[in-house]
Amino acid sequence: MAITSANQLELLQTAEAVAREKMIDPGLVVEAMEESLARAAKSRYGSEMDIRVSIDRKTGKATFTRVRSVVEDEELENYQSEMTVEQAKQYMADPKVGDTYVEEVPPVEMGRIAAQSAKQVILQKVREAERDRQYEEFKDRAGTIINGLVKREEFGNVIVDVGAGEAILRRNEKIGRESYRPNDRIRCYIKDVRREPRGPQIFLSRTAPEFMAELFKMEVPEIYDGIIEIKAVARDPGSRAKIAVISYDGSIDPVGACVGMRGSRVQAVVNELQGEKIDIIPWNEDQPTFLVNALQPAEVSKVVLDEEAGKIEVVVPEEQLSLAIGRRGQNVRLASQLTGLDIDIMTEEEESARRQKEFEARTGLFMETLDLDEFFAQLLVSEGFTSLEEVAYVELDELLVIDGVDEGTAEELQARARDYLEAKAKAAIDAARALGAEDSLIDFDGLTPQMIEALAKDGIKTLEDFATCADWELAGGWTTDGGERIKDDGILEPFGMSLEEAQDMIMTARVLLGWVDPAELEPEVSEDDEAEGDEEAADTGAGV
């Protein structure tokens, strides 16, 4: 094929036709043609030449040019595309390093192989342009619902035609055992859009909790308008789900609005989710109250929240236990996902037995360590004392409220508790020294004698040893091995040390040893913060 005036306009017509068909910019197709023509010219003139082609966007005329760069003498490598300053003087008036010399060369005749190569380049460029367009179209639609047509099913994965491309619904993202036939309509949640070498990959889901939230947004105008907010969603896809909602308008009931007239709104969502039962729960800032709502339809007698451990104990009547747990633990599992808390469920009888056991254990502790009779020890436990430390260091007035305890008795109780604790601490320090613990560790602030003994038993005997520890070695943590989570016990975990406390103590030890500059630990203060500080100081001064 020769680039003649007869087919110059054909180039532009072809480019526009391809661009219309693929819904891409015609300029991209013309650029692909320019590249393909340049490649064909290189095969004619020599691959080492820098041949470039420019197609006029109005007339379609293709201009072939050869480009040579001016380089230093010692940098001259390619004689076909580079030349020295001396060589350039015959072409240019005042050549300098970095200048380029462009000369027009005759158009080439494209043989069969060159034409085939040109076609491949154009097709490749068009495919890349299509992928870019598809990615740009869908990248901002992640997190929304899309309707599509089923094209085919491959190894359990469903390929969905979403108009401007194909998306994939993986087998584990389908609800239950649902199956689809070609040309079935399907509604999915766009979970992720990724740019990959083989083109943008659009991943769909029907099991994601967000899919249910988006369906409710479509069915409930109040959610779409922001009057009602979905605070949390937990799903067992195809079986059961819980959704927590809150209303910012006191006149609108969030649960009633989501249910709809005669259940019409929630039923539309249930039908889309293959009959998945949905519990709509009013959200509450108070976690125990929210948990009681989340465990519906079971009735809860009592809730005990441990905020530090992120755990919560729920006490239910015996006849409500199976309802609270649900089939295969489904109800309590969904409630746990909804609230973000670990939930322990026990019956009133089990809780009573546990409390009695704790009561007896504390009574025995006080009888043994403080040399008290059973009745007096029980009085202490009944008043809420749980440890010797509480008895030893509590304000005297808190002991005087106990029936039969006068000031002398209270002082004697505290003296016995302190004596016992001091003797226990001395024994722990002696044991630690016998194991080789040095004063640098023993004198370190924040470690109790029992902690020092535990560290020494584990081979940590100096402040240097302590400073080289990782926080999880002290406070414990979790590791994943082969997909299974394994608990790592911390040396000081039995003493209630948290990861944050372990980090602070390790860093303090490193500062004391001179391993870390304290200035590096101070948070950086921005100029804006300094200006605000100066203004506050000025205001304070003015007030004085």
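## The largest nonpolar core

A nonpolar core is a set of buried Ala, Val, Leu, Ile, Met, Phe, Trp, Tyr and Cys residues joined through side-chain atoms within 4.5 Å. With that in mind, welcome to this structure, which is a predicted model. Its largest nonpolar core holds 26 residues, and those touching the most other members are Leu447, Ile452, Leu455, Phe466, Leu474, Leu492 and Met497. Six helices each supply at least two residues of this core: α16 (407–434), α17 (439–442), α18 (449–457), α19 (463–467), α20 (471–475) and α21 (499–512). The largest share, 5 residues, comes from α18.

What does Ile452 contact, leaving aside its neighbours within four places in sequence? The partners are Ile429, Ala432, Ala437, Leu441, Ile442 and Leu447. There is also a second, separate core of 25 residues, and among its members are Tyr189, Met212, Val233 and Val245.

## An aromatic pair

A search of the whole structure turns up 3 aromatic pairs. In one of them, Phe444 and Phe466 have ring centres 5.5 Å apart and planes at 50°. Planes under 30 degrees apart would count as stacked and those over 60 as edge-to-face, so this pair is tilted.

Where in the chain do Phe444 and Phe466 lie? Phe444 is in the loop between α17 and α18, while Phe466 belongs to helix α19; the two are 22 residues apart, and their pair links distant parts of the chain. Residues count as buried when their relative accessible area is under 20%. Phe444, at 6% relative accessibility, is therefore buried, and so is Phe466, at 0%.

## A three-stranded sheet

Next comes an open sheet of 3 strands, arranged in the order β10-β11-β12 with mixed pairing. β10 (228–236) and β12 (277–282) stand at the edges; each has a single partner strand, so one side of each is left without a neighbour in the sheet. From one strand to the next, the twist averages 20°.

Strands of a sheet pair through backbone hydrogen bonds, either parallel or antiparallel. For β10 and β11 (residues 240–247) the sense is antiparallel, over 8 bridges. Ala232 has Ala244 in β11 as its bridge partner.

## Two helices, end to end

Helix α2 covers residues 26–45. At 1.5 Å a residue, its 20 residues should span 28 Å, and the end C-alpha atoms are 29 Å apart, which agrees. The buried residues in α2 include Val29, Val30, Met33, Leu37 and Ala41, as well as Glu34 and Ser36. Gly46 follows α2 and has a positive phi, near 130°.

Helix α12 (residues 348–370) has 23 residues. From first C-alpha to last, α12 reaches 32 Å, close to the 33 Å expected at 1.5 Å a residue. Which residues of α12 are buried? They are Glu351, Thr363, Phe366, Thr369 and Leu370. Just after α12, Asp371 takes a positive phi of about 55°.

## A closer look at Thr65

Our last stop is Thr65, which lies in strand β2 (residues 62–70). Is Thr65 buried or exposed? Its relative accessibility is 17%, so Thr65 counts as buried.

Not counting residues up to four places away in sequence, Thr65 touches Asp50, Ile51 and Arg52, along with Val102, Glu103, Glu104 and Val105.

Conventions. Residues numbered from 1 in each chain as written. Predicted model: local features only at pLDDT ≥ 70, side-chain atom pairs only at ≥ 80, totals over all residues. Heavy atoms only, no water. Buried < 20%, exposed > 50% of the residue type's maximum accessible area, 1.4 Å probe, protein only. Helix = DSSP H or I, 4+ residues; strand = E, 2+ residues; numbered from the N terminus. Contact = heavy atoms within 4.5 Å. Expected span 1.5 Å × (residues − 1). Pairing = 2+ DSSP bridges. Axes fitted to C-alpha atoms, helices over the stretch in contact; angles between N-to-C directions. Phe/Tyr/Trp six-rings, centres within 6.5 Å; stacked < 30°, edge-to-face > 60°.
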